[in-house]
Amino acid sequence: MDQLLQQLINGLAWGAIYALIALGYTMVYGVLRLINFAHGDVYMVGAMMAYYLAHWLGFAVAPSTIGFVIVLTSSMLICGALGALIELVAYRPLRNRPRMSMLITAIGVSMLLEFGGQRVFGPDPKFFPQLIESRSLFKAGAVVLTNIDLLVICVSLFLMVVLRFIVLRTKIGLAVRAVSFSFETSSLMGINVNTVISVTFVIGSALAAAAGAMVGLRNPKIEPLMGVLPGVKAFVAAVLGGIGNFPGAVVGGLVMGVTETLVAAYFSSTYRDAVAFVILIVVLLVRPAGLFGKVTVEKV
Amino acid sequence: MAHPISARRSTTVSVFALLCALLCVLPCVLLCVTGCKGKTDEIVIGEFGSLTGGTATFGTSTHAGVLQALDEINARGGLLGKKVKVVTEDDQSKPEEAVSAVLKLIKQNNVVAVIGEVASSRSLAAAPQCQRNKIPMLSPASTNPKVTEAGDYIFRACFIDPFQGSTMAKFAVNSLKLKRFAILTDTKNDYSVGLAQYFRETAKKLGAEIVAEESYSEGDIEFKAQLTSIKTKSPEAVFVPGYYTECALIARQAKELGLTVPLLGGDGWDSPKTTEIGGAAVDGTYFTNHYSEQENRPEVKKFIDTYKQRNAGKVPDAMAVLGYDSMMMMADAITRAGSTEGPKIRDALAATKNFAAVSGTITIDAQRNAQKSIVVLKIDAGRFTFVESVAP
């Protein structure tokens, strides 16, 4: 029982990371019907930016919680700008072309970030500075909760609440929902579609950057290809929850994290990645639109 | 505007001139290509290693050791009256890159012998190429037994995993008096799987119990699931035969989960990065290694002093020592062979006996493995301290 509880904590903290990345996939898919394959690499850039900021601002030698908050927010801002730039340069010129062109461009941008990252940041793994010393907050029997796991879960929750507020309670959120509902109609209604799409990329990329910075803190080894596998897993999580659906992405991410942890714990880490995809296949067989997705009937 | 005819004529002329130029240049190019091969004033030795990537310190340390040996050899007047040159290729810590690196050394740089790799998986990938081209390959630190089984041109300057795994098991059972072990293996890594196997066999033979066996894959950063499972079985020590980037993260996450029993490891733990990434979490770890900087032999002292001078005061790790030893062994073999032909160097390497190296006295056995002693180190407040030495 203790073990199961501990594994759930491990899984939730890991799943929160997937959830944050999955949200970006879902948001972009909502407005553009595009799978933004470069999203996992924006997560990598987020971790790298946090690494360099921590060193430039001197928090690496004088760690503090405030330092981490500053590093986290600055990294989110930089990656938000990067997301907007990617959309502007790579996707916007292709918006009225066949969807396949944009998809292939997304793969190209992903590779540019991965291998450009190897050139700029260097291919060696970097050790992420310990901005917050890890310690256990409480022990109940054999169950341990560390401050970093709690921080990861809390920051993710906080960001999700902020996102929910933006989407449901602000004008720009309303515009995002309108564009998701119908791209053409909303542009006819005087909504600036370009702005809405840019904002979507900024928010999604900022969430990915937050995930990257927190992974750096929790598992302090970062490298330019670190975004490849989490990117794919988060995409699976988004599809699992029903792509385009916000709560679906969060639930999908958490399910992925917990499942992976349980599989590694009770079966073997060799099957961990395989099981994630088996679950995806099963869910899609039963509910083709994902857990929370709506089945849309195409009218001919 | 030129007249059309004169324009055509000038084109013909320039084409002709170009052809002439080509005809003049071509023999020179050919001469150079063949000339490079037959250049007689230097001996070219190839080195391939992981200068970048997940195990970058393995490659950079080995390289620093090789260069130190190279300068000493050339200061003594080189080999067979010729200067020695080392050409180095980076394999980015990837087995597939190791194959192209070693092929480039053999085919383009025409090396007479190859030194490399540290990681067994990468040595295994490159060894068939050296064997096929009859170029002797000397691995400084690949400990998996399969490496030298690739053929009679493949050698190593270190002990092998059966010795390393069983030494750690004997040490844990006899010296540390422990009886319950868990093993956490990197399933993608020949070295890790081999070490785990020999540790398990010896520990069981000595009456100890393996209470948990878990696995991970190279490149993973999250190990808490496996570590939580291990913790519930309450072992007295965890054997983690892997490479330093993952091992240090494992140590860190084990401590976070309250798994405070000592960790045991192999020479893959030997890197300055282990303590950088692991911090206080790696303290109390025991691992087997090729040498200790605290050994009181004059060779060790002399090597460390020179190394520190050359590398801004850095203390050499075992990979630097093995890089140096490999280069010296190769130089010794070429001198005894009196030739740079592959088969002759091979025979001389195979006949290496009681060679006084920094990491110990090396004798090459019938399986082309080095017979030499092993040391057990303990990480104590961020320093690798010498615990004991075991003869083969």
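The structure shown is a predicted model.

**Figure 1. Secondary structure and burial in chain B.** Chain B contains 12 helices and 15 strands. Of its 392 residues, 54% count as buried. Among the contacts in chain B with a separation of 6 or more, 67% are between residues 24 or more positions apart.

**Figure 2. Helix H8 of chain B and the residue that follows.** Helix H8 of chain B covers residues 244-256. A residue is counted as buried when 20 or more other C-beta atoms lie within 10 Å of its own. By this criterion 13 of the 13 residues of H8(B) are buried, and the helix is therefore largely enclosed by the rest of the structure. Just after H8(B), B:Gly258 adopts a positive phi of about 80 degrees.

**Figure 3. Crossing of helices H11 and H12 of chain B.** Helix H11 (residues 318-337) and helix H12 (residues 342-350) of chain B have axes that come within 8 Å and cross at roughly 115 degrees. The crossing of H11(B) with H12(B) is right-handed. On H11(B), the contact is made by B:Ala333, B:Ile334, B:Arg336 and B:Ala337. H12(B) contributes B:Lys344, B:Ile345, B:Asp347, B:Ala348 and B:Leu349. By class, the residues of this contact comprise 6 nonpolar, no polar and 3 charged.

**Figure 4. The side of chain B that touches chain A.** In this view, 25 residues of chain B are in contact with 24 residues of chain A. The elements of chain B that give two or more residues to this side are strand S7 (209-216), helix H7 (224-232), H8 and helix H9 (272-278). H7(B) gives the most, with 7 residues. The side of chain B that touches chain A consists of 7 nonpolar, 13 polar and 5 charged residues.

Figure 5. Chain A has 11 helices and 4 strands. The C-alpha trace of chain A spans about 60 × 45 × 35 Å along its principal axes. A compact globule with 300 residues would have a radius of gyration near 19 Å, and chain A, at 19 Å, agrees with this expectation. Buried residues make up 51% of the 300 residues in chain A. Of the contacts in chain A between residues at least 6 apart in sequence, 76% join residues at least 24 apart.

Note on methods
Residues are numbered from 1 along each chain as its sequence is written. Chains are lettered from A and ligands numbered from 1 in the order in which they are written. This is a predicted model: local features need pLDDT of at least 70, side-chain atom pairs count only at pLDDT 80 or more; totals for chains, interfaces and linings use all residues. The expected span of a helix is 1.5 Å times one less than its number of residues. A residue is buried if 20 or more other C-beta atoms lie within 10 Å of its own, exposed if 12 or fewer, and partly exposed in between; C-beta atoms are placed from the backbone. The radius of gyration is taken over C-alpha atoms; the globule rule is 2.2 Å times the number of residues to the power 0.38. Two residues are in contact if their C-beta atoms, placed from the backbone, lie within 7 Å. Axes are lines fitted to C-alpha atoms, for helices over the stretch in contact, and angles run from 0 to 180 degrees between N-to-C directions. A crossing is left-handed if the near helix is turned anticlockwise from the far one by less than a right angle, and right-handed if clockwise. Ala, Val, Leu, Ile, Met, Phe, Trp, Tyr, Cys and Pro count as nonpolar, Asp, Glu, Lys and Arg as charged, and the others, Gly among them, as polar.
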